Amino acid sequence: MRHLVSMNDLSKNEILTILDQAESFANGEKWSFTDKVFAANLFFEPSTRTKTSFEMAERKLGFEIIPFETSTSSLLKGETLYDTVKTLESIGVDVAVIRHTQDKYYEDLIGNVNLKIVNGGDGCGQHPTQSLLDLFTIKQEFGSFEGLKVAIIGDLQHSRVAKSNKDALTALGAEVIFSGPREWFLGENEESQNYYEIDEVIETADVVMLLRIQHERHVTKSFMTKEQYHLQYGLTVERAKRMKNNSIIMHPAPVNRNVEIADELVECEKSRIFKQMQNGVFTRMAVLRTLIES
Ligand code: CP
């Protein structure tokens, strides 16, 4: 694996191998590369989980982290992303984790730079390591993906998590269904064909995967209030009571409490939201190891 920019880069076997490696790290396996590895984390969009989780993964693997802040870099003098990454490559950085507002920002980089690129999220495009940590969390819970029903609910159009997860889950044998405001669907596609009202799926889904409303990517003002969203599309306390035994609640976070999910459900017994964050470190360790060893 030369880079990881999209879940479409990975075969089913490659996904399963990364999940197995993540499990080994979760079980305490130690690994460090014989040579020093230098990593830089370039975040052009806000992040709490992905940035700190990559830093934790890098430190656990013994990488040297080269501090990089977009707010104090020469990007402010007009330097391009390409020249910025080429500069990091020139000074000896081996791995760059990049989050950027632009969809497919990595297309200018792949094939033109020699360091390894990990996509920490591109616009409304992909968020492959979030997908892998979600898959790891589901596998940890259910053992496999075959026959599972996963309901992805919310702002599908603007969610890179939904796009990264839907094909991977389907390839691994899960049934993926969608719910949420039709205004935020991508059009006449599989989401529309596999669409259900939340009340139709809540009793049969094994995984209820909620998505954050991505206000920062909306070009028009919201067509409903937070309260209306919660009642019509959100996981309310009443809906959670109707979920099947052994089903779980997931959300990539940050969570809009009392919008996508009721405040009291965020840490309820069925919630794996903070487990997902914990698993993010092991999954990112697995991705970084795979990249360095390739
Ligand atoms: N889930 C996720 O990507 O969170 P951050 O935006 O905080 O990194």
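Biologist: Let me begin with the overall layout. Into which domains is the chain divided?

Modeller: Keep in mind that this is a predicted model. The chain is divided into domain 1, 7–126 + 277–293, and domain 2, 128–272. Their C-alpha centres lie 26 Å apart.

Biologist: How many residues of domain 1 are in contact with domain 2?

Modeller: On the domain 1 side there are 23, and they are in contact with 20 residues of domain 2. Helix 1 (12–26), strand 4 (116–122) and helix 10 (273–293) each supply at least two residues of that domain 1 side. Helix 10 gives the largest share, six residues. By class, the side of domain 1 that touches domain 2 has nine nonpolar, ten polar and four charged residues.

Biologist: Now the sheets. What is the general idea?

Modeller: Strands of a sheet pair through backbone hydrogen bonds, and the pairing is either parallel or antiparallel. Here, take the open sheet with the order 2-1-3-4. It has four strands, and the pairing is parallel.

Biologist: Which strands stand at the edges of that sheet?

Modeller: Strand 2 (64–65) and strand 4 do. Each has a single partner strand, so one side of each is left without a neighbour in the sheet.

Biologist: How many bridges join strand 3 to strand 4?

Modeller: Five bridges join strand 3, residues 95–100, to strand 4, and the two run parallel.

Biologist: Over how many bridges do strand 5 and strand 7 pair?

Modeller: Strand 5 (residues 149–153) and strand 7 (residues 207–210) pair over four bridges, in the parallel sense. For one example, I153 has L210 in strand 7 as its bridge partner.

Biologist: On to helices. How do I describe a packed pair?

Modeller: Two packed helices are described by the angle between their axes and the distance between the axes. The crossing is right-handed.

Biologist: Which residues make the contact of helix 4 and helix 5?

Modeller: From helix 4, P128, Q130, S131, D134 and L135; from helix 5, V161, S164, N165 and A168. The residues of this contact divide into four nonpolar, four polar and one charged.

Biologist: At what angle do helix 4 and helix 10 pack?

Modeller: The angle is about 115°, with the axes 8 Å apart. Helix 4 and helix 10 are therefore roughly perpendicular to each other. Helix 4 passes helix 10 in a right-handed crossing.

Biologist: Which residues of helix 4 meet helix 10?

Modeller: T129, L132, L133, D134, F136 and T137. Facing them in helix 10 are K275, Q276, N279, G280, T283, R284 and V287. The contact of helix 4 with helix 10 has four nonpolar, six polar and three charged residues.

Biologist: How far apart are the axes of helix 1 and helix 4?

Modeller: They lie 10 Å apart, and the helices pack at an angle of about 70°. Helix 1 and helix 4 are therefore roughly perpendicular to each other. Helix 1 passes helix 4 in a right-handed crossing.

Biologist: How do the residues of that contact divide by class?

Modeller: The contact of helix 1 with helix 4 has seven nonpolar, no polar and one charged. I15, I18, L19 and A22 in helix 1 meet L132, L135, F136 and K139 in helix 4.

Biologist: Last, the backbone. Is the peptide bond from A253 to P254 cis or trans?

Modeller: It is cis, with omega near 5°. A253 also has a positive phi of about 65°, although A253 is not a glycine.

Biologist: Where does A253 lie?

Modeller: A253 lies in the loop between strand 8 and helix 10. P254 lies in the loop between strand 8 and helix 10 too.

Notes: Residues are numbered from 1 along each chain as its sequence is written. This is a predicted model: local features need pLDDT of at least 70, side-chain atom pairs count only at pLDDT 80 or more; totals for chains, interfaces and linings use all residues. Two strands pair if DSSP finds at least two bridges between them. A crossing is left-handed if the near helix is turned anticlockwise from the far one by less than a right angle, and right-handed if clockwise. Two residues are in contact if their C-beta atoms, placed from the backbone, lie within 7 Å. Ala, Val, Leu, Ile, Met, Phe, Trp, Tyr, Cys and Pro count as nonpolar, Asp, Glu, Lys and Arg as charged, and the others, Gly among them, as polar. Domain bounds come from an automatic or database domain assignment. Axes are lines fitted to C-alpha atoms, for helices over the stretch in contact, and angles run from 0 to 180 degrees between N-to-C directions. Angles under 35 degrees count as roughly parallel, over 145 as roughly antiparallel, 65 to 115 as roughly perpendicular and the rest as oblique.
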